[in-house]
Amino acid sequence: MTTSTAPATTRPIGRPLMDPPAPDLSAQELPSVTVTRLRETFATGRTRSLAWRERQLQQLLTMLETEEAAIAKALGEDLDRFPGAAWSADIATTRIEVRDALKNFRKWARRERHLLPFSTWPSRGFIEREPLGTVLVIGAWNFPFYLTLGPLVGALAAGNAVVVKPSELAPASSRTIKDLVEKYLDTDAVAVVEGGVEVTQALLAQGFDHCLFTGSPQTGKKIMEAASATLTPVTLELGGKSPAIVTADADLDVAARRIVWSKLANSGQTCITTDYVIVDRAVQKPFLEKLLATVTAFTEERPDGQPVINRRQYDRLLALIQADHGGQVIAGGTVDDERCLIDFTVILDPSPDSAVLAEEIFGPILPIVTVESLDGAIAHVGRGPKPLAAYLFSGNRNDHARVVRDVSAGGIVINHALLHCLSPQLPFGGVGNSGMGSYHGKWGFDTFSHLKSVVRTWTRPDIPLLYPPHTEAKARIIRKVL
Ligand code: NAD
């Protein structure tokens with residue numbers, strides 16, 4: 001191990017940045033050929049049938065349950081994941097979504113009848129959910145299977161043809177996703193296109209009926225800009241700085257364990273990880289003692305440090321630790337420059353304008369901000385962009401109510417972290433800078449459906465109220481009815 005004083009290096013060691021695999025067709029041709037093929041399939045009506053949707057979902061489930069070894073191998077190569085973590089982080093999470101969709105998609109697809117106002121009598125109204133058409137799913141590298149196959153569930157359940165574009169920064173996973181999709185799913189309707197920025201831009205230039213993008217807010221802006229050229233609607237699943245607030249009457253042992261657990265998952269490279277902690281000064285000292293003891297215990301299985309995806313991310317994280325952040329490094333701070341490992345690092349009270357408190361960290365670094373009260377914690381969160389998640393550790397129900405009311409975040413978990421993401425009964429998505437739109441469960445289905453309003457009426461009686469001549473008597477009746 002070297003200490004954090006080691007200069008950031010530009011040596012091409014550690015996990016290399018990947019060149020997109022060379023497809024048979026060029027980066028421009030492949031998207032166009034693929035999208036044309038999928039559009040033709042959609043036009044046949046094949047993907048609309050409930051039987052087709054069920055078959056695809058069933059195949060996806062079989063794939064997840066049969067191909068654990070291949071998935072774990074790819075995740076090990078890309079992210080140094082323990083084999084067991086492949087199941088909990090990418091397979092089980094996606095499987096929850098597939099099973100929920102298989103159980104419920106027929107119900108979600110059902111016509112939704114509504115009573116209409118008296119003024120429209122004798123009309124009847126209903127909402128028809130129709131598949132949007134050919135849609136695009138662009139994934140991130142940190143949970144490469146979950147973030148591509150998870151959105152695919154909603155898109156297939158809703159009866160769409162789908163192009164999946166995995167992240168080029170997790171190349172083994174990208175290749176495995178392509179191989180598995182081709183082995184298990186209807187390849188005339190579901191295609192995986194591999195590649196980086198150029199391929200993604202070429203895909204977006206084709207125009208889609210919807211695009212669900214998972215990635216950073218910075219790239220999200222570029223996706224939205226490219227999508228606007230063809231008026232492709234977007235769902236943006238972005239990131240941000242998700243805080244964990246620890247109040248004076250929190251269970252500090254549990255808070256410490258759950259916060260460190262959430263930060264260690266995937267080495268902190270998780271969109272809803274605890275980005276930083278805000279702790280009440282009244283319990284700062286005992287909380288820090290418990291936190292540091294937990295860090296020591298939980299990092300024993302990786303004594304050399306936490307692996308990060310590639311040298312670019314490693315250098316970025318190293319710069320955050322080495323910067324003049326004004327805080328005190330109370331744990332970690334060491335790195336392994338050869339293997340791109342970063343020790344779980346805790347920084348106490350960095351200055352408010354330091355990069356580590358301004359940027360999404362996305363790595364195993366945990367800043368701690370000390371405040372005087374819950375009001376101070378809520379004010380702190382409110383000064384920044386709206387986070388993707390917010391966590392509250394408190395035994396006080398009034399605190400729970402206050403945070404639910406006063407903290408605007410994509411989702412909130414009280415006395416734990418990450419759990420909202422595992423529940424298809426809840427929509428998952430950001431707000432403001434952390435994203436727009438949502439998916440998971442029925443929300444994924446609706447994201448990839450058009451909710452078509454249909455009014456059916458009869459030709460008799462044909463009351464002439466709306467037709468000329470527009471007399472005063474008619475106007476009086478219309479005023480009463482409308
Ligand atoms: P990223 O924004 O760098 O890339 C995501 C995808 O966009 C990749 O497939 C990439 O090929 C493509 N891309 C990158 N630049 C592009 C461009 N200029 N034009 C077109 N396409 C482009 O994100 P990342 O580094 O893979 O993931 C990390 C970020 O994603 C973090 O901010 C994290 O919080 C966020 N994230 C959000 C969620 C969520 O569900 N909300 C989940 C995981 C990660």
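Tutor: The UniProt annotation "domain: Aldehyde dehydrogenase", from an unreviewed entry, covers residues 39-454. UniProt positions follow the numbering used here, feature names are shortened, and annotations may be inferred rather than shown by experiment. This is a predicted model: local features need pLDDT of at least 70, side-chain atom pairs count only at pLDDT 80 or more, and totals for chains, interfaces and linings use all residues. Residues are numbered from 1 along each chain as its sequence is written, and side-chain values use heavy atoms, leaving out hydrogens and water.

Student: Which domains does the domain assignment of the chain give?

Tutor: Domain bounds come from an automatic or database domain assignment. Here the assignment gives domain 1 (29-238 + 436-451) and domain 2 (243-429). Their C-alpha centres lie 30 Å apart. The contact (heavy atoms within 4.5 Å) takes 23 residues from domain 1 and 20 residues from domain 2.

Student: How much area do domain 1 and domain 2 bury between them?

Tutor: Buried area is the accessible area (1.4 Å probe) that two parts lose on being put together, summed over both. For domain 1 and domain 2 the value is about 1900 Å², with 60% of it on carbon and sulfur atoms.

Student: How many salt bridges are counted between domain 1 and domain 2?

Tutor: A salt bridge is a side-chain nitrogen of Lys or Arg within 4 Å of a carboxyl oxygen of Asp or Glu. The count between domain 1 and domain 2 is zero.
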